[in-house]
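Subject: Structure for you, with notes on two interfaces

Hi,

Here is the structure I promised to pass on. Please open it first, then read my notes below.

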Amino acid sequence: MTNTRLPVAGTSPSRLLEIENLSVHFSRSGKLMRAVDGVSLHVAAGETLGLVGESGSGKTTIGRALLRLLPEANTQWQGSIRYQGTDLASLSRAGMRGMRGRMQMIFQDPVSSFNPRRRIEDIVAEGLVIQGVPKAERRTRVEAALADVGFALADVAGRKPHQFSGGQCQRIAIARALAVQPDLIVCDEPVASLDVSVQAHVINLLQDIREARRLAMIFISHDLAVVKNVSDRVAVLYMGKVVEMGSGEQIYDRPAHPYTRKLLEAVPVVDASRKLRPAADQQAIPSRIRPPSGCAFRTRCPRAVARCGEEEPILTPAPRGQMVACHFPHDETAPFSTARQA
Amino acid sequence: MSEDLPILACRDMSCQISARPKALDVLQNIDFTVARHTALGIVGESGAGKSMLVKSIMGIAPASVRVNGQIMLDGQDLFAMKPRDRARFIGRKVGIVFQNPMTSLNPYVPVGRQIAEACRQHFDVPRDEARQRAIELLRTVGIADPEDCYDYYPHHFSGGMKQRIMIAASLICHPDLLIADEATTALDVTVQKEVLDLLQTIQEQRQMSMILVSHNLGVVAGRTDEILVLYGGHVVEYGPTSEVFRNPRHRYTEALLSAMPHMDQPTHTRLRTIAGQPPSLANKPAGCPFAPRCGAAEGPCHTTMPDMRTGTDSRHRFACHFPLEQTVGPAVVSGATDRGARAQ
Amino acid sequence: MTDAFDVNTTATSALRAGRTARAAAVALAMLCASTAATAYAATQAEPVKGGEITIVNGSDIKSWDPAVTSGTFPGGPMDMLDAVYGFIVYTDVNGKVQGGMAESLTSPDAKVWTLKLRPGVKFTDGTAYDAEAVKFNWDRAADPATLAPAQAFVASWNKSIKIVDPATLEITLANPDRNFGSTLAQLAPFIASPAALKAAEKKTDIKPVGAGAFLLDSWNQGVSMTMKRNPGYWDQPRPYLDTLKFVVIPETNSRISTVVQGGATMMAGYPYQFGSNAEAAGVTTHEIPLPGLYRAYFNQTKGTFTDRRAREAFYEALQRPRLMKAYTQVEGYIAPTNYFTKDSPFYDATYKLPDYNPQHAQELFNALAKDGKPFDIKIVTYSNSDLKRLGSYLQQSLGAYENVSVKLELVDQAMLTPTCKAQGNFDLCVDGGVLVSNGAEPIISNLLSSKGNDNWGKYNSPAMDKALASANATMDPAAVKAAYGEVQKIVAADLPLYIFGSETRHLLIRNNTGGIVPSNGGILQKQFLFVCKEACTTK
Amino acid sequence: MSSPGAPLVQGTRLGDIARAAMPATSMLKLPGGTLFEMLAAAFLVFLVLIALFVDFIPGLVSPKFPYGDFSQMPDLTLNGLLGTDDIGRSILSRVLYGARASLTIVFVATCLSVSVGLLLGMLAGYYRGMLERMVDLYANTMSALPSVLVVLAFVTATGTSVGAIILILGILDIGTYARVAKAGVISQNNRDYVLAARAMGATDARILMKEILPNLIPALTAVMPTLMAGLIITEGSLSFLGYGIPAPAPSWGGMIASSTDLLSRFPVLIVGPTMAIVLTVYALNTVGDYLAHRLNSRERGN
Amino acid sequence: MTGLKPYAKAVSTRILAGIPVFLLVTFGATALSSLAPGSAAQLILGDNATAEQVAALNSAYGYDLPLWERYLKWLGNLLQGDLGQTLFSQQPVLDVVFDRAAVTFEIAFLAMALSLVGIPAAMYTASHPGGIADRFLRSLSSLLLAVPTFVIVVLLSYVFAIVLRWLPATGWANFTDDPIANLWYVALPVICLSLHQTAYLYRVARNEMITVLQEDFVQVARARGLSLSYIMLRHVLRPSMPQILTVMGLSLTYMLAGSFVVESYFAVPGIGWTVLTAVKSHDIPLVQAILSLTVVIFVIVFMLVDIGYAIIDPRVTVS
């Protein structure tokens, strides 16, 4: 069911994409902001990696960095991004263009990810035109891609994005990504702006496609429940760093990092059986420009001791198998899941 | 002003936007009450009319919107008042926190003054006293160094802090009712929880009533006494929160609950989907607004809007021609097959 | 011979002109040659000492160089130079040469001229306004480096100047010139302190040091100029005024309303511009009874107008009174029949310019086209609204004929002279404004002689040169009249110029202005001006 | 920071709803605009038709030849409707032909400045850096100087010909259009559809032409009427100061200028051309406001 | 937002940005002398001057030097505070420009002050959109914006100076010499200049306030029952100010140098008229000086606007 894998050092042939030590710095009016700080991730073919974290944790930046979509001005990045062994960082623009048929992206806002002035069929065919697919073939591939997301070409032809609802737009966006037949899709908050009654569609659709095409996915979301649903493995980001990474079960049932636990505890649960008891704790979220020394989470962490301020924890295997960057990882089941199982 | 008089009662309220070619019904036949010291959750997807409902109650609906029916606030009929008096009355009785903390605070005015100004206007509180009250409230909502923060501008605060300041501002006139309109939607989960906790604490401590408006069922689930489900401008289900969640009778409520991914589902669980799209203002179905998307819809669903019915619990009401069966016992939330058993 | 101000102004109503002219003529009869005591035209009041008068002009002067003069009309640059330097001699409204700074300029034979200076006149820097100073100025004007417009004129006699005594100069001309005095008054009338001239390294450094009625007090370029009375002026108690101001107001309407409202004392213009403002309380108009001609230059060196038929056709194609009406928006103009108008002593009715004859004009146009010399002309004129109107009218009227093509080129003020005079880049050039033709000379020679300074069309006729020379060479009125008869004959035959109207200038003045004594083309002798206690100028 | 946290329905600010439901300030609301805005647009269409087909108006005399006596009062005939001018031409005819002149000049100048401004603005907004600084410098310089002065200085140098006037009027607004285009590019540059195109491997040229350019058109169109109104006024001022299109070609500013001198005697001369200029500018401004408002509400609606 | 830092930054940013503009504009003014036909020399020397003589005088002025050399020379002199002399009257250019600028400043500032009535008007109509006052002022302001200044000038001076004779048609008196006369003379030019300005300011202010009125924080204020006048004053005016300030800055720079028509029609000795005549008569030193001043004014005004932003908007750290 789930293909949980222990992260292993070194390159393995099943690894489609391998990010090593990726750092991205933005400079804004003289100040340097580390959006991503030494992140190493990998995705195997057909695998879905979920990236969760709060706003500003670097999720989106990672997604864009590995497709080389970051703005060039005021941005520096380092580290290696290898796609099936090819280092994307070293590719020329033209070389990168060749790679783009194999990696695609789906954006958060279905409306703004379409040029409002273009027709749907042109939008879906865009990648094919750029990749130089002959016209005759283009049509069939567009048709196929649209069919995959539940549209007939005849229904959408000639229409503009604003004639579609958010959910439909997001399906078309999936079709656009699929049309070039990629191996990997980066989904950046693909359901965040959809109504609950619509987002289920899109999630199911992504799942179907993943299975049918053996697509690898990087699924970026702030919604832990959605990430849990779609991901084989989950990486939890905090302040530009991976603080915990492992399979869905590992992360959700026995979170080792205090931050992961905090996130999970905060998720509103559709549980009306009792009235929640409000907690009164609150901690300031530290500045991105001057992150705290040592562990970035220590200012919010109930377990923090002096060592956390002195020594930055590195990602190491936790007892339950996941990787965690904490000096004092938890090793008990999540309190809420205990409650549920009780 | 008796204690058993509900703080807010909407009777047969409706809202129309005047537009061409025909006026658009945003809300129809809204009927609910908020009892003292209780919390009401209002849930609905975008376009369901949540925002308009709040604005109509607050008297800040756009000029092109016509509000009909009756709104009783603390026993007073709002529409019987002169507009100016009404605004002042609402301002004193109701505190409101809006969705977007980034835009709800005037970036040009120090936060302290934005908190204090309402009581200065409504109760002629002297400047120093208003300041003291505001500082006290800042402390209450958990702002460190409230004396200093009084003179800070909104941009000095993070989103969560701003929302706390908005809560402080809403409390300055000691309102009887606090409305949080998607107050935590724009916040990160951890901050969302903190703010929700704060709202709940304050409501309980100050013995206020509260309306918690959200698109997220999870937000209202553990924090309200009653819940009102809006769909397409209609109240489709209304009742005690635990009852509605445990035993949804309207098919929309049930579908919504089962469409949500849950953290206790295994990875790659298929979600139940709801066909179609929520109705738009311009082309609302003639009968039940949910009929086009409802698997159980039959003839009358497409032609007539169902009346409110009452379940076994007399407080649980729903508008469905073919409601779901009442399930007995607390074990299963709904008939959703693929959601698995959910322990209570 | 034109300037910014002139450009903004034009013609007059014949009716109005006639009425004012009569009034002026009565006053002029009393005008005495050498003393100014009775020289208050249309003024009954006794001169009052003190006060201030403001003259409004359309533009400012560019330099104080006494040798660089142009435009003897009120509001022109000479107006301001005169206040400081004073005319050495001037032509009065009757065309007689009068003494100004000098006492007299006389000649028995038109060849040897004696200039008598007034004794004891001093420049304001204390140096003497004597024969040496006069000679210095004229020698300077004769130097080509000075760039005086009168260079050729002065150079033809400056070598012969003989200083008889400090107050007397004797000038011997190469050829007799009856009009030497008026030419001098027109072209080289200003004498500046040699010391000041020598002190200036560049032309623009020249400081205005003269012996005239006023001293320059301050100059705000392009805006205003204030002058104080010269306490050492030779003709005490004149000048009467304490202060004389010139202000620059480019807009004609603004100029008029400024005078009407009392913001200034006078402006020069034409009744059509004044409109009902002439009837306003506190102001009056004053005619300067010097008839002038409106004329345009035919380019006789190249193009269509080298053919006489083209010039004739041009005359015949247009109704000149209507052209004048288009120009001034006033009725009642009569087309001049020749260079001299009816009220001139030299008028000869025999020789007439061609009259309006559209059929014949069309025949001529056709004939020209047939000969391969189509009537295809470029009219060059200023871009102000009056001349634009005139040009447009010419263009549209001629455009109604067949085989005619007319281009209109409107140029900036500074560019008309270079375009027409220097480059000859035109077929018909209109510079607007009237050219005062009362005394016939030197203007007629300037216009018509082959070497004439204002002969922009480069008209070249030995017969005309000879006729003009003989008119100048004699003091005998009958001979002069005969010679001018010949001139009119040749004009009617050759059509060297397009003469389309005649006009007199007017002043719009506050009615408490006294001592209006025009000289040359109408420049007022400023030393006579005074402010009456109450209205003293007849309406 | 591009990571957008949890903004589920962040797009809906309260104000947007309010704005979308703002009452029309005019009583009668027609599709898309008020009656007044429709009238203004109709007037402009009418004006363009006049400019195109003025030659074919039956009975209208030529603007270059006299129709009646000089400076006549208006009467009820077609050509005499606005009176005759100082040399007897029909003012109506001149006003209508003047529309052709003004509109042609303004239109061609606008085409010039839009095309150059658009190109510069797009490149500057896309590549930033030096080019952006140059465009800013140019736009700053132009806004530091009064337009009439720039035009005058230029026209003194080149002389007044229709070509020169078009050129200089065109140069005036390049900076403004470039700025608008630049701002549009910058705001789109991080829009998801541009990113999507980039993710597809689209070249810069393709992104600029296919993705960005079409979306710049509304913003440019919205500023265009107002800038064109400005050009009409500048052109009028230029003619008024005597540096406009050469006579006898009819131009509104020139007509006003020549009637100014005769104002105290024939005030009626100024009415026709003044009305023409005022109405045209009014209509352009109204349409500009309307477009800007429409664009604004659509932008915010997104 | 600590202390004077944002202001210092506003000043330095604007000055730095202003330098290239300054260089470009003054270079353009220098180039004008080589582009324009005719020359000051021609005007000084008169109609009789030959090409050689004109050339000689031009070389005496240094106009025969290559453009860049002439420009560098001018810049060098400028750094020593020497702007030269006017070509014809030989007045020091600096004095002339300051004298005339003072006149223009007075007119521009008075016109600006007068135009501020647009702001309260905008406050009222923005808070009562669609009302009679709103519709009336909207039509009036549109109309005023559509009437070119030169028409306003002609019409107002015709009515008030020529027909009614209430106000002087032309002229000027310095405020220091005669304050009453100064106000008397300044009235018409100021009214002519400010009509357009008032209408513009009114429209911008109204539109901006309408936008601000739809901001969430205004909705919040309304929901809290605050009175409309309080909301307009406390919550709407200040957020509208940056936009209003920008417009005021732009129009102030425009009015300071752009009032050619007004100044020459009313014969007011300001820099607008001066630069107009200077361009026509090729008085290049004067043109250069006035254009330099224009740019300096532009920089200063926008510096003030930036400082204004920093005062008004607590968020501004001046970009």
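The contact between chain E and chain B takes 20 residues from chain E and 32 residues from chain B. Keep in mind that this is a predicted model. The size of an interface is often given as the accessible area lost when the parts come together. For chain E and chain B, that buried area is about 2,400 Å². Carbon and sulfur atoms give 54% of it. Which residues of chain E lose the most area to chain B? They are Ala223(E), Arg224(E) and Arg315(E). Together they account for 27% of what the chain E side buries.

Arg224(E) turns up again in a salt bridge. Its side chain meets that of Glu117(B), at 3.9 Å from N to O. The cut-off is 4 Å, so this pair counts as a salt bridge. The count between chain E and chain B is one salt bridge. There are also 13 residue pairs in polar contact between these chains, both residues at pLDDT 80 or more.

Now look at the side of chain E that touches chain B. Two helices, α10 (216-223) and α11 (228-258) of chain E, each supply at least two residues to that side. By class, the residues there are nine nonpolar, seven charged and four polar.

Next, chain A and chain B. Here the contact takes 51 residues from chain A and 54 residues from chain B. How much area do chain A and chain B bury between them? The value is about 4,600 Å². Of this, 54% is on carbon and sulfur atoms.

The count of salt bridges between chain A and chain B is one. Asp208(A) forms it with Arg270(B). The closest N and O atoms of that pair are 2.5 Å apart. Polar contacts link 20 residue pairs between chain A and chain B, again with both residues at pLDDT 80 or more.

Which elements of chain A give two or more residues to the side that touches chain B? They are α7 (196-213), α8 (224-230), α9 (248-253) and α10 (258-266) of chain A. The largest share comes from α7(A), with eleven residues. That side of chain A has 22 nonpolar, 15 charged and 14 polar residues.

To find your way around, start with the two salt bridges. Display Glu117(B) with Arg224(E), then Asp208(A) with Arg270(B).

Best wishes

Definitions and conventions: Residues are numbered from 1 along each chain as its sequence is written. Chains are lettered from A and ligands numbered from 1 in the order in which they are written. This is a predicted model: local features need pLDDT of at least 70, side-chain atom pairs count only at pLDDT 80 or more; totals for chains, interfaces and linings use all residues. Side-chain values use heavy atoms; hydrogens and water are left out. Contact means heavy atoms within 4.5 Å. Buried area is the accessible area (1.4 Å probe) that two parts lose on being put together, summed over both. A polar contact is a pair of N or O atoms within 3.5 Å; within protein, one must be able to donate a hydrogen and the other to accept it, and residues adjacent in sequence count only if both atoms are side-chain atoms. Helices (H or I, at least four residues) and strands (E, at least two) are DSSP runs, numbered from the N terminus. Ala, Val, Leu, Ile, Met, Phe, Trp, Tyr, Cys and Pro count as nonpolar, Asp, Glu, Lys and Arg as charged, and the others, Gly among them, as polar.
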